[in-house]
Amino acid sequence: MGYKFTDEVHKLVAFTYDDKEGKEQWFDGIDKAVLLNLAGRADNNTGQCHPGYSLIAAETIFSRKSVERSVGILKHLGFITVVPPGERKTTTYTDRKSVV
C-alpha cells in the first residue's frame, strides 16, 4: 500500500489546467478517484503498481472509458508515468513523489 502517496492525493483540491489543445479543463473527482486508486496500490519504495483499466473502473465505479481518459489526464499533468505492457502483460503506473 502506498500510504505516503494516498496522504498526498487526499490533499488535492479541484483546479484548472490546460489540456493538449490549450483548452481550460477541470481536475475533477474522477481524476482524483483514479489517482487515489493508483496511489493506494503503489509500492512505497518504487511508486509502481500494475492494475488494469477494468479493475480500476470496477473499484472506482466509473466506466472503463472514463478511467482511460483520466489516466491520460494524470499522465499529461505529470502525476503519473505510464509504461506500456512488456513481459508483465500489464501496464506499469508510477506515482511521482515529487508531484503528488
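Axes are lines fitted to C-alpha atoms, for helices over the stretch in contact, and the angles between them run from 0 to 180 degrees between N-to-C directions. With that in hand, the axes of H2 and H3 come within 10 Å and cross at roughly 110°. The structure is a predicted model, in which local features need pLDDT of at least 70 and side-chain atom pairs count only at pLDDT 80 or more, while totals for chains, interfaces and linings use all residues. Residues are numbered from 1 along each chain as its sequence is written, and side-chain values use heavy atoms, with hydrogens and water left out. Helices (H or I, at least four residues) and strands (E, at least two) are DSSP runs, numbered from the N terminus.

**H2 and H3**

- The angle makes H2 roughly perpendicular to H3, a term that covers 65 to 115 degrees, whereas angles under 35 count as roughly parallel, over 145 as roughly antiparallel and the rest as oblique.
- Ala-33, Val-34, Asn-37, Leu-38 and Arg-41 of H2 make the contact (heavy atoms within 4.5 Å) with Leu-55, Ile-56, Glu-59 and Thr-60 of H3.
- The residues of this contact of H2 with H3 divide into 5 nonpolar, 2 polar and 2 charged, where Ala, Val, Leu, Ile, Met, Phe, Trp, Tyr, Cys and Pro count as nonpolar, Asp, Glu, Lys and Arg as charged, and the others, Gly among them, as polar.

**H1 and H2**

- The axes of H1 (residues 3-10) and H2 (residues 29-41) come within 8 Å and cross at roughly 165°, and these two helices are therefore roughly antiparallel to each other.
- Phe-5, Thr-6, Val-9 and His-10 in H1 meet Lys-32, Leu-35, Leu-36, Ala-39 and Gly-40 in H2.
- The residues of the contact of H1 with H2 divide into 5 nonpolar, 3 polar and 1 charged.

**The nonpolar core**

- A nonpolar core is a set of buried Ala, Val, Leu, Ile, Met, Phe, Trp, Tyr and Cys residues joined through side-chain atoms within 4.5 Å.
- The largest such core has 20 residues, and those with the most contacts inside it are Val-34, Leu-35, Leu-38, Leu-74, Phe-79 and Ile-80.
- The elements that give two or more residues to this core are H1, H2, H3 (53-60) and H4 (64-77).

**Trp-26**

- Trp-26 lies in strand S2 (residues 24-27) and is exposed, with a relative accessible area of 54% (buried means under 20%, exposed over 50%, partly exposed in between, with a 1.4 Å probe and protein chains only).
- Not counting residues up to four places away in sequence, Trp-26 touches Ala-14, Phe-15, Thr-16, Tyr-17 and Asp-31.
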